[in-house]
Amino acid sequence: MALNVQIYPPISSHTKTYPNFTVKSSNFCHFPIFSGLFSRNSLNFTRNASDLFPFPRSSSPNQQKLSICSGVSAEFSSTLVPESGHDSSEFGNKKESDSSAVLLEVKDLTAVVAESGQKILNGVNLTIREGEIHAIMGKNGSGKSTFSKVLVGHPDYEVTGGSVVFKGKNLLDMEPEERSHAGLFMSFQSPVEIPGVSNMDFLRMASNAQREKLGLKDRGPLEFYGFLSPKLSALNMDPKFLDRNVNEGFSGGEKKRNEILQLAVLEADLAILDEIDSGLDVDALQDVAKAVNGLLTSKNSVLMITHYQRLLDYIRPGFVHIMEDGNVVKTGDVSLAKQLEKEGYKAITSA
Ligand SMILES: Nc1ncnc2c1ncn2[C@@H]1O[C@H](COP(=O)(O)OP(=O)(O)OP(=O)(O)O)[C@@H](O)[C@H]1O
């Protein structure tokens, strides 16, 4: 039988049918990120299907057993040819010619270290549309982190030329806080510790500050916990982390999970993830990637910085950019990252 997967809200282009599913039973389910009604032939849920259906991009025959929730599992054996709709690969696979709106447009961006005037960015060009996943790779010191920090308005850097338009507005005119309220999120390589502030209070304050900007009512502690709880589960995070001070004493991997929890709470339009894979064990990497995939919609986008192909196996980008000497010197698809892994930077850049 075919399993019909519908994304809620029910937009027709988000409906697709996967062939040859066998549904073993039916039940009402509560998933880590979304709740849904799983019946013999349909599954309605409030997030994208990528968590449940981590299909590889190839159309080679595919066998998987999916444990949906207690008492419910689905098996399929098929050659998957997605018709339309959302799986994790599709979000990253839009073509430049897509008509989806441009979220971020960076043109000829140059920047220096504010204190010394040392030039770091040398004319970066990059366009990210809604629903796209981009990855930036590059040798140590090529300017990847500086680029992302300049985007969020880090005071260590001064922009000396070029333009950055985010959601139609001049990003460079905005204060860092305004950039965050506008829907830009960055997970830092070394997240800051905030002694004396509990993680729960911090997340609620950040969320309520954002809601206030949007003209929405604050969430009280109980209501906020209800909002947060499924996000914690999705990340396999112990609720005890909510009572601890922000990142204080967290291990490297716990800090990374906490960054993604912040992203989940703030529901940003563009998430810049700087080396979220560093310091993560295999299970943590999968949890984090699963949570990021679960946050993707056709409207929001991800820009991830990484050194390693393995992250891209879990969060599949449609575009891979290579940075060298403060500039994007090559753009391709995920095969570029594979080539890089095999042959090193020498093979694909001028170095
Ligand atoms: N605040 C700063 N002061 C002095 N030099 C800086 C500063 N920020 C960046 N740089 C220099 O700019 C260059 C690019 O650094 P950046 O951190 O952006 O590289 P990266 O590509 O992210 O490297 P990695 O892969 O090692 O994280 C490096 O040579 C770095 O030393």
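**Packing of helix α6**

The buried residues of α6 pack against β14 (184–187), α4 (199–213), α5 (221–234), β17 (270–274) and α7 (282–295). Helices (H or I, at least four residues) and strands (E, at least two) are DSSP runs, numbered from the N terminus. The model is a predicted one, in which local features need pLDDT of at least 70 and side-chain atom pairs count only at pLDDT 80 or more, while totals for chains, interfaces and linings use all residues. Residue numbers start from 1 along each chain as its sequence is written.

The protein chain contains nine helices and 20 strands. Of its 351 residues, 39% count as buried; a residue is buried if 20 or more other C-beta atoms, placed from the backbone, lie within 10 Å of its own, exposed if 12 or fewer, and partly exposed in between. In α6, the buried residues are Lys255, Lys256, Arg257, Asn258, Glu259, Ile260, Leu261, Gln262, Leu263 and Ala264.

Glu267, with a positive phi near 45 degrees, follows α6.

The axes of α4 and α6 come within 9 Å and cross at roughly 30 degrees. Axes are lines fitted to C-alpha atoms, for helices over the stretch in contact, and angles run from 0 to 180 degrees between N-to-C directions. The two helices α4 and α6 are therefore roughly parallel to each other, given that angles under 35 degrees count as roughly parallel, over 145 as roughly antiparallel, 65 to 115 as roughly perpendicular and the rest as oblique. Their contact (C-beta atoms, placed from the backbone, within 7 Å) involves Asn199, Leu203, Ala206, Ser207 and Gln210 of α4 and Asn258, Gln262, Val265 and Leu266 of α6. By class, four of these residues are nonpolar, five polar and none charged; Ala, Val, Leu, Ile, Met, Phe, Trp, Tyr, Cys and Pro count as nonpolar, Asp, Glu, Lys and Arg as charged, and the others, Gly among them, as polar.

Helices α5 and α6 pack at about 140 degrees with their axes 10 Å apart, and are therefore oblique to each other. Leu228, Lys231 and Leu232 of α5 meet Leu261, Ala264 and Val265 of α6 in this contact, which has five nonpolar, no polar and one charged residues.

How values were computed: Contact = placed C-beta atoms within 7 Å.
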